[in-house]
Amino acid sequence: MTRFALTLEFDGGPYQGLQRQKHGPSVQQSIEDALFRITGENIALLSAGRTDTGVHALGMRSHIDVEKDLTPFRLMEAINGQLRPEPIAVLDCEIVPDDWHARFSCTGRSYTYRILNRRAPATLTKNRVWQVGQKLDVQAMQSAAKLLIGRHDFTTFRSTHCQAKDPVKTLDRLDVESVSTQYGPEVRVHAAARSFLHHQVRSMVGCLRLVGGGTWDADRLANALAAKDRSKLGLNAPPQGLYFVAATYPE
């Protein structure tokens with residue numbers, strides 16, 4: 001039995017999330033079905049994080065245990081061949097120790113949220129950004145974002161369906177930047193932490209968008225955090241602008 005670590009890229013639009021679901025297609029199901037066709041084995045895909053319907057990944061880390069004798073390159077090529085034309089790709093494949101775990105060995109996770117800040121309808125970036133026509137004040141958003149960095153009870157920014165035992169998390173990074181792209185101006189929010197609550201990133205982005213539009217100010221955001229009450233959330237950003245960027249592990 002060999003344990004392989006996979007780095008995955010996928011467009012979350014066609015799927016009900018990364019993890020296998022009873023009510024629709026998932027990234028996990030597609031990859032596990034591909035592995036069965038390759039090896040004849042029922043192989044479980046275990047990943048660093050979970051994603052909601054419509055959320056994308058640039059560098060999701062996962063692992064699988066395979067009995068068949070395959071090199072990492074042959075396995076990667078075979079999975080990618082079986083997955084075509086689905087919008088899922090294995091970018092990297094390597095052998096790791098048997099005690100390496102994509103989820104439990106992970107020491108950090110990072111996300112980026114993309115807001116297309118233009119009035120003209122999104123075409124080439126449709127379903128890959130959140131389009132906001134109102135011009136956003138990026139400086140105000142960045143100033144407010146600093147209030148959320150650190151160790152806090154993030155109950156306000158937590159889905160009511162979140163299964164985490166503790167709403168207290170340490171947010172290591174929350175940066176807002178303005179980026180000029182060929183598709184138009186974008187506001188990007190970058191978040192990093194050891195782990196996140198369900199919907200935490202989307203909820204933080206939604207409230208920062210209210211700050212950027214002038215509906216909220218930084219004090220309102222701070223009060224929402226202090227309330228520890230989901231009903232005080234201003235806005236939950238839609239899933240299509242969210243990207244799982246990377247998972248980090250000890251050297």
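Biologist: Happy to go through this one with you! Why is Asp11 called buried?

Modeller: Asp11 has a relative accessible area of 17%, and buried means under 20%, exposed over 50% and partly exposed in between, with a 1.4 Å probe and protein chains only. Asp11 therefore counts as buried. Do keep in mind that this is a predicted model, where local features need pLDDT of at least 70, side-chain atom pairs count only at pLDDT 80 or more, and totals for chains, interfaces and linings use all residues. Residues are numbered from 1 along each chain as its sequence is written, and side-chain values use heavy atoms, with hydrogens and water left out.

Biologist: Thanks! What makes Arg128 and Asp11 a salt bridge?

Modeller: A salt bridge needs a side-chain nitrogen of Lys or Arg within 4 Å of a carboxyl oxygen of Asp or Glu. For Arg128 and Asp11 the closest N and O atoms are 2.7 Å apart, so the pair meets that definition. Arg128 sits in the loop between β5 (108-116) and β6 (130-131), and Asp11 in the loop between β1 and α1, so the bridge ties together parts that are 117 residues apart in sequence. Strands here are DSSP runs of E with at least two residues, helices are runs of H or I with at least four, and both are numbered from the N terminus.

Biologist: What makes Glu186 buried, and which salt bridge does Glu186 form?

Modeller: Glu186 has 1% relative accessibility, so it counts as buried. Its side chain meets that of Arg188 in a salt bridge at 2.8 Å, N to O. Salt bridges that share partners join Arg114, Glu186 and Arg188 into one network.

Biologist: How do you know that Arg158 has no salt bridge?

Modeller: The nearest side chain of opposite charge, Asp153, is 6.5 Å away. Lys and Arg count as positive and Asp and Glu as negative, while His and the chain ends are not counted. That distance is over the cut-off, so Arg158, though buried, has no salt bridge. The side chain of Arg158 does reach the backbone oxygen of Ala164 at 2.2 Å.

Biologist: One last one: why is Pro14 called partly exposed?

Modeller: Pro14 has 44% relative accessibility, so it counts as partly exposed. It is found in the loop between β1 (2-10) and α1 (27-39).

Methods: Polar contact = N/O pair within 3.5 Å; in protein donor to acceptor, adjacent residues only side chain to side chain.
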